[in-house]
Amino acid sequence: MSDGVFPESFLWGAATAAYQIEGGAAEGGRGPSIWDTFSHTPGRVLAGDTGDVAADHYHRFREDVALIGKLGLGAYRFSTAWPRVQPGGRGPANAEGLAFYDALVDELLGAGIEPVLTLYHWDLPQELEDAGGWGARDTSYRFAEYAAIVAERFGDRVKQWTTLNEPFCSSFLGYASGVHAPGRHEPEVALRAAHHLLLGHGLALRALRESLPEHAQVSITLNATEFRALTDSPEDRDAQRRVDAIQNRVFLDPLFRGAYPEDLIRDTAAVTDWSFVEPGDLELISAPIDQLGINFYNPSLVAAPLPPGVETGPGDDGHGASEFSPWVGSEDAVRFARQDGERTAMGWVVDPSGLYDLLLRVNTEYGPIPMAVTENGAAFEDAVGPDGEVDDPRRIAYLQAHIAAVRDALAAGVDMRGYFVWSLLDNFEWSYGYSKRFGIVRVDFATGKRVVKASGHWYRRIVEGNGSGL
């Protein structure tokens with residue numbers, strides 16, 4: 001251990017995603033993504049908001065890197081936009097797109113900040129979606145080609161790589177519930193997409209290993225969730241098992257055990273025979289990775305059926321309201337109970353014990369494996385004071401409790417390598433548009449002005465002390 005609470009090598013950072021902050025949607029040779037199409041479709045995003053300009057990071061990245069430096073952060077997790085690198089998702093790279101990320105990476109390194117690069121944070125090129133999207137096996141191979149292009153360009157400077165961010169959202173929210181792009185409601189395609197995302201990870205992992213130096217670290221990030229049963233009844237426990245299979249084990253088991261869960265295959269037998277899994281796929285998918293990223297916001301409380309008097313409602317599963325369910329094969333077998341306690345502006349309960357329990361569970365059942373919390377944060381109704389500053393004590397309390405949970409997991413034997421607050425900047429929050437603010441830096445979307453919130457100043461002190469003062 002260092003003088004602080006965490007190891008000397010522990011990475012403190014902040015995270016963003018390309019479509020949520022970059023803007024410049026039609027600049028620099030960038031092609032359209034599924035999120036451009038989705039956000040421009042009436043009724044898909046609150047208030048008709050789009051990511052066309054977002055936080056204008058495309059033009060302000062040097063200012064943003066300077067902010068990261070002032071916050072004292074050692075690392076910055078960002079994503080490259082596939083349609084900025086390959087506008088149609090195939091073929092030669094777009095020189096202007098690569099030049100943008102060249103400048104960003106060099107700016108980070110010049111400021112002493114470790115670039116942590118995510119290849120895919122949901123912005124599939126629209127041309128590939130038109131050809132079947134993640135429901136088409138070919139997309140996995142196109143993704144590996146894109147990964148090779150990015151690795152060849154940045155492998156000399158970027159040491160930390162992530163293939164996919166939250167494939168659950170890309171597959172089940174994109175192709176089943178439809179609350180995310182591309183907004184489809186096809187349960188069988190959602191399962192097929194989950195597999196093709198994992199296959200894309202495996203193929204990209206192979207391409208990265210072939211291109212990157214030996215010291216490079218490659219990971220995948222999952223939004224694994226701590227699911228808790230409302231009671232110990234067999235019915236509630238079965239509901240817990242079902243959603244755990246769809247959100248957690250559908251990814252963890254192939255990655256770390258080389259097989260899909262048998263109970264998931266039974267649960268979804270009426271939807272698919274899983275014939276899209278071809279010989280050799282699971283060997284690719286289960287190739288060793290260097291680290292697992294975990295994104296965590298809140299635990300979920302599951303029951304089946306809900307007893308009388310227990311509150312429920314749209315969105316209690318944490319994924320947004322839709323008449324279509326993401327819980328493929330278990331649509332009518334699970335319900336989500338409302339949890340007691342403080343809630344964020346997203347309606348998510350604040351319960352850091354969920355993060356601690358999840359980290360220990362994953363490490364026990366699938367590890368030991370090095371892990372990092374690659375996203376964790378909260379949206380609140382931030383108010384700008386008369387002095388132009390933003391006092392956000394509820395976000396500070398949220399972050400403090402969750403960083404303490406990471407500390408406790410480390411003390412319990414989990415090999416924790418880093419923590420990345422979500423998010424550096426207020427941004428385009430997917431189907432919620434600009435109505436939800438997660439940033440530790442406030443963005444005035446009309447002017448682009450940045451103001452570090454009280455939580456940002458607090459986080460800087462925690463980073464400076466390497467976790468002391470929690």
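**A walk through the predicted model**

Helix 5 covers residues 95-110, 16 residues in total, and reaches 22 Å from its first C-alpha to its last. That is close to the 22 Å expected at 1.5 Å a residue. The expected span is 1.5 Å times one less than the number of residues. Helices (H or I, at least four residues) and strands (E, at least two) are DSSP runs, numbered from the N terminus.

This is a predicted model: local features need pLDDT of at least 70, side-chain atom pairs count only at pLDDT 80 or more, and totals for chains, interfaces and linings use all residues. Residues are numbered from 1 along each chain as its sequence is written, and side-chain values use heavy atoms, with hydrogens and water left out.

Stay with helix 5. Its buried residues are Gly97, Leu98, Phe100, Tyr101, Asp102, Leu104, Val105 and Leu108. Buried means under 20% relative accessible area, exposed means over 50%, and partly exposed lies in between (1.4 Å probe, protein chains only). What covers these residues? The cover includes helix 1 (18-21), helix 3 (57-70), helix 4 (82-85) and helix 7 (138-154). It also includes strand 2 (75-79) and strand 3 (114-120). Just after helix 5 comes Gly112, with a positive phi of about 75°.

Now go to helix 15, residues 454-464. Here Ala454, Ser455, Gly456, Trp458, Tyr459, Ile462 and Val463 are buried. They pack against strand 1 (11-15), helix 14 (393-411), strand 11 and strand 13 (450-452). After helix 15 comes Asn466, and its phi is positive, near 50°.

Next, two single residues. Leu208 sits in helix 9. Leu208 counts as buried because its relative accessibility is 0%. Contact means heavy atoms within 4.5 Å. Leaving aside neighbours within four places in sequence, Leu208 is in contact with Leu119, Ala147, Ala151, Trp161, Thr163 and Val218. Take Trp161 from that list. Leu208 and Trp161 are 47 residues apart in sequence, and their C-alpha atoms are 8.8 Å apart in space.

Ala303 belongs to strand 8, residues 300-303. At 0% relative accessibility, Ala303 is buried too. Which residues does Ala303 contact, leaving aside its neighbours within four places in sequence? They are Leu230, Asp236, Ala239, Val334 and Arg335. Leu124 is 179 residues from Ala303 in sequence and 34 Å away in space, C-alpha to C-alpha.

Charged side chains come next. How many salt bridges does a search of the whole structure find? It finds 43. A salt bridge is a side-chain nitrogen of Lys or Arg within 4 Å of a carboxyl oxygen of Asp or Glu. Arg60 pairs with Asp56, with the closest N and O atoms 3.8 Å apart. Arg60 is partly exposed because its relative accessibility is 22%. In another salt bridge, Asp156 joins Arg157, and the closest N and O atoms are 3.1 Å apart. Asp156 is exposed, at 63% relative accessibility, whereas Arg157 is buried, at 17%.

Look back at helix 9, residues 187-211. Arg192 forms a salt bridge with Glu188, and the closest N and O atoms are 2.6 Å apart. Both residues lie in this helix, 4 residues apart, about one turn. An α-helix has 3.6 residues a turn, so residues three or four places apart point the same way. Arg192 is partly exposed at 27%, and Glu188 is partly exposed at 23%. Elsewhere, salt bridges that share partners join Asp238, Arg241, Arg242, Asp244, Arg249, Asp263, Asp267, Arg361 and Glu365 into one network.

On a 1 Å grid over the protein atoms alone, a cavity is a set of points where a 1.4 Å probe fits but cannot get out. A pocket is an open set with protein on both sides within 12 Å along at least five of seven lines, and lining residues have an atom within 4 Å of a point. Grid points are joined across faces, edges and corners, and a volume is the space filled by probe spheres set on the points.

The structure holds 4 cavities of 30 Å³ or more. The largest cavity has a volume of about 450 Å³. Of its 31 lining residues, Glu166, Tyr297, Gly318, His319 and Trp348 are the closest to its centre. The second largest pocket has a volume of about 230 Å³. It is lined by 15 residues, with Leu11, Gln160, Gln217, Gln291 and Arg417 nearest its centre. Strand 4 (160-165), strand 5 (217-222), strand 10 (371-376) and strand 11 (416-422) each give two or more residues to this lining.
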